[in-house]
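Colleague: I would like to learn how to read the charge pairs, strands and surface patches of a model. Could we take them one at a time?

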Amino acid sequence: MSSYPTPSEYQEALQTPAATFSDPTLQDSTPRTNALGLPQPITGSFAAVFPVTTDAGTRYAVKCFLAKRPDQEARYEAVAEALASVDHAAFVDFGYQPEGLTVKGKSYPLLKMEWSRGTTLNRFVESHLGQPDVLDRLAESWAALMSDLEAMDLAHGDLQHGNVLVETAGDALRLRLVDYDTMYVPALEGRVSAEVGHRNYQHPDRTDADFGPSLDRFAGLVVYTALRACAMRPSLWDAHDTGENLLFHDADFYAPEESVLFETLAETEPLRELAEALRTACYVEPADVPPLSAVREGRLEPSQVSVSRSQARRGRDAVERSAFARWSLPATIGIGGIVLGLMAAGWILVATTMLLAGVGVGSGLVATRYRRLSLVRRRRRLEQEAERFASTIRELRREVDSLQAKREDLRTSMATRRKERLREVQKKALHDRLKHHFVAEVRDVEGLTHKHVVRLKAANIRTASEVTPEAVDGLQRISDRARARLKMWRAALEEKYADEIPEALSPAQERRLQRYVEHRIEDLNDQIARTREKIQTQRTERERIETRLDEMPDLSVGRYVRYLLRLGTLPERAEGPPDPTPRPEAEGATERTPVPDPIEDDRSWWSRE
């Protein structure tokens with residue numbers, strides 16, 4: 001992925017929307033600003049989002065990318081075309097602009113998205129824990145949305161608290177889905193997923209190879225189960241909420257048989273079957289997770305109903321010897337016997353051809369089956385998550401370097417900034433005097449007539465302050481001699497007021513400039529500190545993933561081949577991955593175990609005011 005501007009570089013460019021954006025609507029917009037009047041981004045791993053408001057009062061989220069991603073434009077165009085053909089309130093309007101803004105003379109893409117005023121899913125649930133009827137209605141709305149996505153052959157790809165907003169209008173609840181980076185639409189069939197989704201909502205076996213219409217089934221079941229659980233047992237929230245989940249944590253999915261939460265849900269009769277369905281879903285392949293509607297209605301195949309605890313502890317791969325595994329040894333012996341027989345009969349060429357064909361077909365089948373093994377898929381997902389954290393850390397370090405460079409520039413360029421500020425003060429002082437001289441006065445200048453006054457007014461030039469050399473040069477149907485005389489009129493007025501234009505900043509202006517620089521340095525120091533905290537959080541998460549990888553048994557292709565030939569066994573599932581956020585054993589526990597700070601890119605950037 002090639003480098004794009006950093007969030008602070010985008011921030012600097014968006015101070016002048018008219019010059020930065022190519023979209024006329026965004027050119028007339030005003031970005032949301034911080035206390036220093038600078039555009040305030042909401043940053044994530046791969047993008048910085050700037051809330052803006054147009055002159056007409058319409059609000060948008062402008063997503064600026066921090067790195068170029070594979071097939072980015074093609075993916076967004078396919079998603080936009082698919083959503084344009086469906087009429088569903090869950091989707092927000094958006095448009096991908098390949099050359100949407102300019103930073104330091106170079107064009108970059110952006111995503112212009114409708115702003116939603118909803119509340120993120122986890123915050124909505126938290127604020128309605130004492131209202132089970134509201135949470136039940138929310139669960140029903142969620143189930144309806146999952147059915148609609150199935151019917152439309154669409155999948156969001158990253159259903160999680162930050163990408164689901166709840167809008168209220170009286171008693172009505174409306175769910176809105178945002179952030180379509182990982183969305184599946186039929187036109188993208190055959191591609192891999194851009195990301196693997198939030199770790200606390202996704203199937204533990206999901207990798208980038210899982211990309212299809214069933215992509216949302218596991219996360220849909222996770223959210224539905226959590227909503228029903230919160231409605232029936234609201235005290236679960238205090239025991240299991242980390243700010244980055246909806247009750248469940250990724251460790252619950254990697255080892256459900258060791259999960260305190262699953263044990264707790266199994267003790268509640270109305271939740272037992274739902275929790276068992278989710279627990280079983282952790283052990284089947286992601287594509288085999290049943291639709292939420294089937295779970296709710298009990299329309300499940302026998303294999304989808306339950307996985308025994310003994311099987312769970314050993315692992316799916318170790319207990320499910322497929323037909324391919326059962327027939328691998330007999331097929332190998334059979335083909336080997338036929339080849340030897342042909343060679344003994346003198347049919348060397350036929351035997352060699354058959355042997356090569358058998359090896360080729362067998363290798364392809366073995367590779368396909370190997371990649372589908374749960375242990376292999378989980379290692380691949382963890383490796384992809386570790387790389388994602390590593391990529392985020394690289395981007396954050398690049399942002400720290402950019403912020404430090406700006407801080408150094410502020411410290412060493414006081415003289416330059418003083419000159420710039422003085423020019424601004426002088427320009428304003430001159431404007432305040434020239435704005436009282438209207439262009440009708442040019443008729444008193446030899447060679448200039450009422451016709452020239454009309455030309456100036458037609459160009460929206462009303463006062464001497466607006467009669468700049470650039471504006472005069474742009475006038476239509478006027479002679480060069482008249483242009484020169486207009487400039488002379490302006491120059492004469494500037495000379496008239498020359499003694500009234502300050503030659504240096506006043507003490508008060510000097511103090512204001514000094515305070516501004518100091519506050520900017522303080523703001524940059526704060527941004528650097530926050531970014532470094534994010535780096536540490538991301539590093540902690542990456543180390544957790546790497547620890548899980550180290551403790552997970554490794555399955556090589558060679559060992560799998562030996563297993564197929566009955567010369568060895570598959571490794572049994574480890575006792576369970578380390579859980580970095582041990583939860584209280586009892587539901588009523590009051591003391592919360594410390595958890596890592598939320599990861600910025602996993603939080604909602606969509607509904608923040």
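What follows goes through salt bridges, then strand pairing, then surface patches.

Modeller: This is a predicted model, in which local features need pLDDT of at least 70 and side-chain atom pairs count only at pLDDT 80 or more, while totals for chains, interfaces and linings use all residues. Residues are numbered from 1 along each chain as its sequence is written, and side-chain values use heavy atoms, with hydrogens and water left out.

Colleague: How many salt bridges does the structure hold?

Modeller: A salt bridge is a side-chain nitrogen of Lys or Arg within 4 Å of a carboxyl oxygen of Asp or Glu. The structure holds 39 of them. In one, K112 pairs with D23, with 3.1 Å between the closest N and O atoms. The two are 89 residues apart and link distant parts of the chain: K112 is in strand β6 (residues 106-114), and D23 is in the loop between α2 (17-20) and α3 (24-27). Helices (H or I, at least four residues) and strands (E, at least two) are DSSP runs, numbered from the N terminus.

Colleague: Are K112 and D23 buried or exposed?

Modeller: Buried means under 20% relative accessible area, exposed over 50%, and partly exposed in between, with a 1.4 Å probe and protein chains only. Both K112 and D23 are buried.

Colleague: Which residue meets D71 in a salt bridge?

Modeller: R191 does, at 3.1 Å from N to O. This pair also links distant parts of the chain, 120 residues apart: D71 lies in the loop between β4 (59-65) and α4 (72-84), and R191 in the loop between β9 (172-177) and α7 (217-232). D71 is partly exposed because its relative accessible area is 43%. R191, at 32%, is also partly exposed.

Colleague: Where do E126 and R123 lie?

Modeller: Both are in helix α5 (residues 121-127), 3 residues apart, which is about one turn of the helix. E126 has a relative accessible area of 35%, so it counts as partly exposed. R123 is partly exposed at 32%. Elsewhere, salt bridges with shared partners join R199, D250, E541, R544 and R548 into one network.

Colleague: In what sense do β7 and β8 pair?

Modeller: Two strands pair if DSSP finds at least two bridges between them. Strand β7 (residues 119-120) and strand β8 (residues 164-169) are antiparallel over 2 bridges, with T119 opposite V166 in β8. Strands β8 and β9 are antiparallel over 6 bridges, and T168 stands opposite L173 in β9. These two strands form a hairpin with 2 residues between them, and G170 in the turn has a positive phi of about 70°. In a regular strand, side chains alternate between the two faces of the sheet.

Colleague: Which residues make the patch of negative charge?

Modeller: Patches are made of residues with over 30% relative accessible area and no salt bridge; like charges are joined within 9 Å, and nonpolar side chains (Val, Leu, Ile, Met, Phe, Trp, Tyr) within 5 Å. Accessible areas come from the Shrake-Rupley method with a 1.4 Å probe, and for residues only the protein chains shown count as cover. Lys and Arg count as positive and Asp and Glu as negative, while His and the chain ends are not counted. A charge is placed at NZ of Lys, CZ of Arg, CG of Asp or CD of Glu. Here E73, E77, E81 and E99 gather in a negative surface patch, to which α4 gives the most, with 3 residues.

Colleague: Which residues make the nonpolar patch?

Modeller: L340, M343 and I348 make a nonpolar surface patch of about 290 Å². M343 is in helix α15 (residues 323-344) and is partly exposed, at 41% relative accessibility.
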